[in-house]
Amino acid sequence: MDKTPSFIQIKGIRDGLLVTLDGAAWPELETIFVKNVDERSSFFQGARVALNVGAIELRVAELSALRDQLSERGIALWAVLSESSVTETTAQNLGLATRLTKPHPVDVRDAVEGLPENSSKWIKGPLRSGGRVLFEGNVVVMGDVNPGAEIVAGGSVIVWGRLRGVVHAGAQGDEKAVVCALELAPTQLRIAGDIAVSPKKQGKNQPEVASLKDGQLVAEPWQDLTGR
Amino acid sequence: MTGKVVTIASGKGGVGKTTSVANISVALASHGQKVTCIDGDIGLRNLDVVLGLENRIVYDLVDVIEGRCRLRQAMIRDKRLPELYLIPAAQTRDKTAISPSDMVRLCDELRQEVDWIIIDSPAGIERGFKNAIAAADRVLVMTNPEVSAVRDADRVIGLLEAEEKGPAALVINRYDPAMVRRGDMLSVEDVLDLLAVELIGIIPEDENVIVASNRGQPLALDGKSKAGQAFQNISRRLMGEQVPYMEFDSQNLLQRLLGRKK
């Protein structure tokens, strides 16, 4: 690696190559990386690349441009690691992974127990088909969750809109987790280890809360719970 | 001149993308606009057939991109209209023959010469779709009033949002008012409710569309049929006009009475 100074580091990992870019601003780093790829195209050809960009903030336009450039050269970019939440969101929007491997369930559980109770992820909807939200705490969606979308939360899920996708609350075994929505009609609803499918609609739509009661998944109108 | 690039996409196949590209292009050209349509479905080209220009293909999209011909040479002029051109897809290659940045370069060159560039996206959400939307200023998402097509449209709209392609506009094709009245088909409201995007056109089910496609004579050329009018309306809305939506319920009295008895 004599020709490439410390801007770029390439490491073989189980899932392909891990490329770490550091020490310069974005457009330069991108150029250095692409140039490096062109110089050693036989080495990179057909590779699956995970990219570590440290704290650099990347927007959709920048990241998708890089992804397209790489794909023209026969390289699949599958993950982007970053300390910046902007870059992480961008990568998620483009359907790229932001972790190299899924955390082991036990580790996640430990992480959840360490989280403050009010740790929530806020999502502006609609969450469309193919959209997937995975979060250790609670998830709040402002807008509809359409069929084909999926939410997996360690805590509870609140949907200010119609919930029609797949939702899993208490994914790490929290049986106190609840799911509420203005219109509760999920394709499938899971709380902790229990699964239910929405019954066919009857009557008018009203806000409902689903929870686990004595090991049974039940959905109750919101008003009945608050009217007491 | 800086032309606008409009891509028509759907996710699901068979909802009427190619037919719509042909008809919207024809409709725009009939208003005196200079239009080029591009068939993005490399390997499964169809737009040339629907436009009735199949036998005039010499060069195609991939030839232009790989530099075997000049852009002008691949633009087939439709003689029925003053300024309508087609850049056909290659049939012997596949989607990987071009890349999103090739499309951006090509469209930037074309923008100088025409008012409208209408791109026909292939079905799916892979390379061909990415190529087709790369240069788009606007994307029209096409769907039919049925659950699976709407589901795929939703996915495509989500992808467009992720790529920051601006708000998509929705075209509902093969709409059958009688079936909707019977409660056997999703209504326009049902579809809009789910997708939550702006509507730009509703095209009624019309068997003339199939006849016209087979003959290579796009419906929008004569403009008498309901579907032809709907395409004309979409083209006018693209040009910025406010056009009211077609009244589907004002069929003749007899039909209405019969419909109600069922």
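Helix α7 (residues 147-162) of chain B packs against helix α9 (residues 188-195) of chain B at an angle of about 35°, their axes 10 Å apart. Axes here are lines fitted to C-alpha atoms over the stretch in contact, with angles from 0 to 180 degrees between N-to-C directions. Helices are DSSP runs (H or I, at least four residues), numbered from the N terminus.

This is a predicted model, where local features need pLDDT of at least 70, side-chain atom pairs count only at pLDDT 80 or more, and totals for chains, interfaces and linings use all residues. Residues are numbered from 1 along each chain as its sequence is written, while chains are lettered from A in the order in which they are written.

| α7(B) | Val150(B), Ala153(B), Asp154(B), Ile157(B) |
| α9(B) | Val191(B), Leu194(B), Leu195(B) |

By class, these residues are 6 nonpolar, no polar and 1 charged. Ala, Val, Leu, Ile, Met, Phe, Trp, Tyr, Cys and Pro count as nonpolar, Asp, Glu, Lys and Arg as charged, and the others, Gly among them, as polar.

Now to the meeting of the chains: 16 residues of chain A are in contact with 13 residues of chain B. On the chain A side, helix α3 (residues 60-72) gives the largest share, 5 residues. That side has 5 nonpolar, 7 polar and 4 charged residues.

Within chain A, the domain assignment, which is automatic or from a database, gives domain 1 (8-93) and domain 2 (105-226). The C-alpha centres of these two domains of chain A lie 34 Å apart.

Technical notes: Contact = placed C-beta atoms within 7 Å. Helix = DSSP H or I, 4+ residues; strand = E, 2+ residues; numbered from the N terminus.
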